[in-house]
Amino acid sequence: MLLDDFFIRSIIAGIGIALIAGPLGCFVVWRRMSYLGDTMAHSSLLGVALGFLLGIDPLFGVFAVAVLMALLLFFFQKQKQIASDAILGTLSHASLALGILVVSLMTWVRIDISSFLFGDILSVEISDIGWIYGGGLIVLAVFLKNWKSLLAITVDEDLAKAEGIPVVRVHLIYLFLIAAVIALAIKIIGVLLVTSLLIVPATAARRYSNTPEQMAIGAALLGVVSVVLGLLASLEFDVPSGPAIVIVVVSFFFSSFLLPASFNSRAG
Amino acid sequence: MNLTTKELYLKMPENTVLIDAQGISLKYADKQILQNISLSIHAGEIVTIVGPNGAGKTTLIRALLGLQTIDQGKLYKKNKLRIGYVPQKIRLDPVLPLTIKRFLTLTANYAMNQIEQVLLETGVKSSPETSIYHLSGGEFQRLMLARALLAEPELLVLDEPVQNVDYLGEAELYRLISDLRKRYQCAVLMISHDLHVVMASTDRVICLDHHICCQGEPCDVSLHPEYVRLFGSSKTLSIYNHHHDHSHEVDGSIQEHKH
């Protein structure tokens, strides 16, 4: 059947990831948290190791550790002395170092570091597709339900709070969603490039958008097109798929600046 | 509707208390920012907080709104009080695309005619499809006011509403606020740096310098010795261009300014 073809499977998986990463990535950009994605991604080696240790799917290990990172960040943000980016940098490398140590102590397991770093979209199995679409649908449902509140706390937290929006709860939901997307995407895109699928489609869509909704949909569509083109290029030129996808989406970003100003002058 | 402020105030159902603070105090990094503040805001009245820079004005309204936790005292808020809040500044990042219309409908949906109506009332002249990043400071301030009004608040809280507005616009904006209060029948709590400009459009003035120095009707307050101590007398200083010849340290001691 159709899904027997590894290429078709990888395209379906990639499209699923792009569809959720694009809109969620808009919030990463709007909230100036691009480094958060990196921190969660770096922590995922620890998550994979944890998965092996506990005998559970690495996906859950990655999700759990990413959530832990998010909660630590949330906690440290309460103090005002050290800025978020410095805390993220600290957490990021602490978790990466810890992950490498744990993996090196687990002599009985061999983790393919290369596919961990760069992803292996061409080894997607049907069960992965199930995870991506099942998990993705849950993420999307929670995301859409909280869309307005998320937007409100992004514009101004005080204003949102004065208008009765439960700022802390919405913030935590957002962190959980990002952690879930990273856990779902990491096998396919890899640690090094997963943030790009969150951030780059969003930034590329900015120049064509007048409203947050347009930007979110634009990011999802650009992500999907990039995944398809990138995978085709990967097949055609026999290059790794993750980097191919990223190069396509990044070229969308740069070309958005080359288009004549009249085309997007309305977008302010 | 051409009621005077007093008439309107008396028309409100039993002068409902919207917010009542009893002896609230707040410290930040060992500094006493607010000390034993008691005040209440009733339906339909305009209350203006005046005070020198760093007197804790913003902190006080943030505390009243529940945005800042208080160390001591009691805070009562009417059940399900609808508040329209216009903070001193909001930091918007242009990476988030927002038109006027979308900005007004961030937390609730409004019909297009409602939106056009409120933009007209607040004097926002740009079209609803304009990007908010193309607005001048004054127009954005009006937009913030429009946004606060759309929810039909019982209490409008304005933190220095006339910033980024030139002097002529200042008096006009206060007049607008006073008009809007009548139309929307809401109470207004605002911060102002200059009592004389708001004099005509406020019912009650609270003069704040970490503690409440004095409060009452604007003409009484302007003659109150505590007010004169803080701001000088309006008879001897030019009204709109006065300066402070002393300031208060956190502990209340007076610091002379050298000119």
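Biologist: How do the residues of the lining of the largest pocket divide into nonpolar, polar and charged?

Modeller: A word on the model comes before the answer. It is predicted, so local features need pLDDT of at least 70 and side-chain atom pairs count only at pLDDT 80 or more, while totals for chains, interfaces and linings use all residues. Residues are numbered from 1 along each chain as its sequence is written, chains are lettered from A and ligands numbered from 1 in the order in which they are written, and side-chain values use heavy atoms, without hydrogens or water.
Now the classes. Ala, Val, Leu, Ile, Met, Phe, Trp, Tyr, Cys and Pro are nonpolar; Asp, Glu, Lys and Arg are charged; the others, Gly among them, are polar. The lining of the largest pocket has 18 nonpolar, 10 polar and 15 charged residues.

Biologist: What counts as a pocket or a cavity?

Modeller: Both are found on a 1 Å grid over the protein atoms alone. In a cavity, a 1.4 Å probe fits but cannot get out; a pocket is an open set of points with protein on both sides within 12 Å along at least five of seven lines. Lining residues have an atom within 4 Å of a point. Points join across faces, edges and corners, and the volume is the space filled by probe spheres set on them.
Here the largest pocket holds about 2000 Å³. It is lined by 43 residues, and A:Lys80, A:Asp156, A:Glu157, A:Asp158 and B:Arg91 are the closest to its centre.

Biologist: Which helices and strands each supply at least two residues of that lining?

Modeller: Helices (H or I, at least four residues) and strands (E, at least two) are DSSP runs, numbered from the N terminus. Chain A supplies helices H8 (147-155), H9 (157-162) and H10 (167-189). Chain B supplies strand E1 (17-28) and helix H2 (57-65).

Biologist: What is the volume of the second largest pocket?

Modeller: About 500 Å³. Of its 22 lining residues, A:Val48, A:Pro58, A:Leu59, A:Ile186 and A:Lys187 are the closest to the centre. Two or more residues come from each of helices H3 (44-54), H4 (58-76), H6 (113-118), H7 (126-145) and H10 of chain A. H10(A) has the largest share, five residues. By class, this lining has 13 nonpolar, three polar and six charged residues.

Biologist: How many cavities of 30 Å³ or more does a search of the whole structure find?

Modeller: Two. Helices H5 (137-150) and H6 (167-184) of chain B each supply at least two of the lining residues, and H5(B) gives the most, three. Six of the lining residues are nonpolar, one is polar and one is charged.

Biologist: Which quantities describe two packed helices?

Modeller: The angle between their axes and the distance between the axes. Axes are lines fitted to C-alpha atoms, for helices over the stretch in contact, and angles run from 0 to 180 degrees between N-to-C directions. Under 35 degrees is roughly parallel, over 145 roughly antiparallel, 65 to 115 roughly perpendicular, and the rest oblique.

Biologist: Which residues meet between H2(A) and H11(A)?

Modeller: Contact means heavy atoms within 4.5 Å. A:Ser34, A:Gly37, A:Asp38 and A:Ala41 in H2(A) meet A:Val194, A:Thr195 and A:Ile199 in H11(A). That contact has three nonpolar, three polar and one charged residue.

Biologist: At what angle do H12 and H13 of chain A cross?

Modeller: The axes of H12 (residues 212-237) and H13 (residues 241-258) cross at roughly 130° and come within 8 Å. H12(A) and H13(A) are therefore oblique to each other. Among the contact residues are A:Leu222, A:Val225 and A:Leu229 of H12(A), and A:Ile245, A:Val248 and A:Phe252 of H13(A). The contact has 10 nonpolar, four polar and no charged residues.
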